[in-house]
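Thanks for coming. I will walk through one model today, going helix by helix and then over the contacts between them.

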Amino acid sequence: VALHEDNASLHSNIALHYFNIGLFDKALYHYERAIELNGFPGALLGRALTLLATRQYEKGWLAHEMRFQ
């Protein structure tokens with residue numbers, strides 16, 4: 001990641017990996033970084049699902065709806 005810190009797709013893929021193994025804090029960091037870089041579409045859904053998986057329901061559902069805007 002250090003060599004490609006500005007690659008939104010890479011951050012989104014790393015986040016998906018962390019999500020799949022249950023490391024939700026790390027997944028959230030990488031999803032947010034991908035969104036910050038360019039609003040990577042897959043990262044918007046991934047962030048919403050990560051928030052919901054961590055029982056942050058209000059933020060999660062809001063993030064889920066915001067991906068359509």
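One definition first: a residue counts as buried under 20% relative accessible area, as exposed over 50%, and as partly exposed in between. This is a predicted model. With that cut-off, take R47, which lies in helix 3. Its relative accessible area is 24%, so R47 is partly exposed. Setting aside residues up to four places away in sequence, R47 touches L28, Y31, E32, I35 and A63. There is also a pair to look at across the chain: R47 and G60 are 13 residues apart in sequence, and their C-alpha atoms are separated by 7.7 Å.

Now the rest of helix 3. The helix has 13 residues. From first C-alpha to last, helix 3 reaches 19 Å, close to the 18 Å expected at 1.5 Å a residue. Which of its residues are buried? They are A43, G46, A48, T50, L51 and L52.

Next, how helix 3 meets helix 4. As a reminder, two packed helices are described by the angle between their axes and the distance between the axes. Here the axes of helix 3 and helix 4 come within 7 Å and cross at roughly 160°. Helix 3 and helix 4 are therefore roughly antiparallel to each other, and their crossing is left-handed. On the helix 3 side, the contact involves L45, R47, A48, L51 and L52; on the helix 4 side, Y57, K59, G60, W61, A63 and H64. By class, the residues of this contact divide into 7 nonpolar, 2 polar and 2 charged.

Between these two helices there is a loop, and R55 sits in it. Most residues other than glycine have a negative phi. R55 has a positive phi, near 65°, in a residue other than glycine. Is R55 buried or exposed? Its relative accessibility is 66%, so R55 counts as exposed.

A positive phi also turns up after helix 2. There the residue is G39, which follows the helix and has a phi near 65°.

Helix 2 itself covers residues 24-38, 15 residues in total. The span of helix 2 from first C-alpha to last is 21 Å, close to the expected 21 Å. Its buried residues are A27, L28, H30, Y31, R33 and A34, and these pack against helix 1 and helix 3.

Helix 1 and helix 2 pack at an angle of about 160°, with their axes 8 Å apart. That angle makes helix 1 roughly antiparallel to helix 2. Helix 1 passes helix 2 in a left-handed crossing. From helix 1, the contact is made by A8, H11, S12, I14, A15, L16, Y18 and F19; from helix 2, by F24, K26, A27, H30, Y31, R33, A34, L37 and N38. The class count for this contact is 11 nonpolar, 4 polar and 2 charged residues.

S12 belongs to helix 1, residues 8-20. Its relative accessibility is 7%, so S12 counts as buried. What does S12 contact, leaving aside its neighbours within four places in sequence? The partners are H30, Y31, A34, F40, G42 and A43. Of these, A43 is among the buried residues of helix 3, while H30, Y31 and A34 are among those of helix 2.

How values were computed: Residues numbered from 1 in each chain as written. Predicted model: local features only at pLDDT ≥ 70, side-chain atom pairs only at ≥ 80, totals over all residues. Heavy atoms only, no water. Helix = DSSP H or I, 4+ residues; strand = E, 2+ residues; numbered from the N terminus. Buried < 20%, exposed > 50% of the residue type's maximum accessible area, 1.4 Å probe, protein only. Contact = heavy atoms within 4.5 Å. Expected span 1.5 Å × (residues − 1). Axes fitted to C-alpha atoms, helices over the stretch in contact; angles between N-to-C directions. Parallel < 35°, antiparallel > 145°, perpendicular 65-115°, else oblique. Left-handed = near helix turned anticlockwise from the far one by under 90°. Nonpolar A, V, L, I, M, F, W, Y, C, P; charged D, E, K, R; others polar.
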